Amino acid sequence: MTRRLALQATLGLLMGPAEARLPQFRTARYQFIELDPVEALAPLSLQGLDGKPAIARPVPGKVCLIYLWATWCPVCRITLPRFERQLVDFKARDVELVTISTDERELAHVRQYLARLGIKRLPVFYDRAGKAIATAGAKQPLSTAEGLPVVYVTDRRGGVRGYMLGEADWASPQATALLDHVGRL
């Protein structure tokens with residue numbers, strides 16, 4: 001046994017087949033970061049696009065992508081229409097998509113922005129300046145501290161498995177392998 005293997009075994013970094021890591025998913029700039037331990041996502045009290053109170057939470061029994069974004073984000077201008085086009089494919093894979101605008105601007109601005117992009121079917125919630133996410137703090141693992149956009153992936157029990165910053169093609173073979181794996185957990 002090498003010193004490296006001995007050290008990994010001592011630190012508990014070696015895993016058996018039942019505890020295998022999630023498949024890798026990466027882009028040129030970012031990679032999916034697996035969270036360990038897995039933390040449950042607490043329901044978030046937000047607003048819907050109609051301005052009424054709404055609760056954002058993972059759909060029980062389904063893998064869920066939670067996309068945190070803002071209108072000032074250039075990558076979001078690309079990703080939101082892509083997600084709109086991929087909704088049917090996500091549902092066919094038993095994957096739900098929730099998007100949360102963390103804009104500091106008024107809700108009317110967010111609605112106008114989505115209309116300009118042709119977004120009509122995406123489930124969109126509004127969290128002005130990310131206050132609900134920040135207030136929840138230690139009660140849930142969502143954060144915009146590393147930047148936007150960020151996608152969190154939850155398992156069928158609502159546990160947050162990890163996240164990925166930046167632009168990514170969630171219909172790519174790497175992404176679908178990750179989502180399918182999470183769906184089997």
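Begin with the whole chain: of the contacts (heavy atoms within 4.5 Å) between residues at least 6 apart in sequence, 73% join residues at least 24 apart. This is a predicted model, in which local features need pLDDT of at least 70 and side-chain atom pairs count only at pLDDT 80 or more, while totals for chains, interfaces and linings use all residues. Residues are numbered from 1 along each chain as its sequence is written, and side-chain values use heavy atoms, with hydrogens and water left out.

Next, colour by secondary structure. The chain has 5 helices and 8 strands; these are DSSP runs numbered from the N terminus, with at least four residues (H or I) for a helix and at least two (E) for a strand.

Now select the strands. In what order do the 8 strands form the open sheet? The order is 1-8-7-4-5-6-2-3, with mixed pairing; two strands pair if DSSP finds at least two bridges between them. At the edges are strand 1 (33-40) and strand 3 (53-56), each of which pairs on one side only.

Select strand 4 (residues 63-69) and strand 7 (residues 150-154), which pair in the antiparallel sense over 5 bridges. Within this pair, C64 has T154 of strand 7 as its bridge partner.

Finally, select helix 5 (residues 173-184), which lies across strands 4, 5, 7 and 8 (159-165) and runs at about 130° to strand 4.

Notes
Axes are lines fitted to C-alpha atoms, for helices over the stretch in contact, and angles run from 0 to 180 degrees between N-to-C directions.
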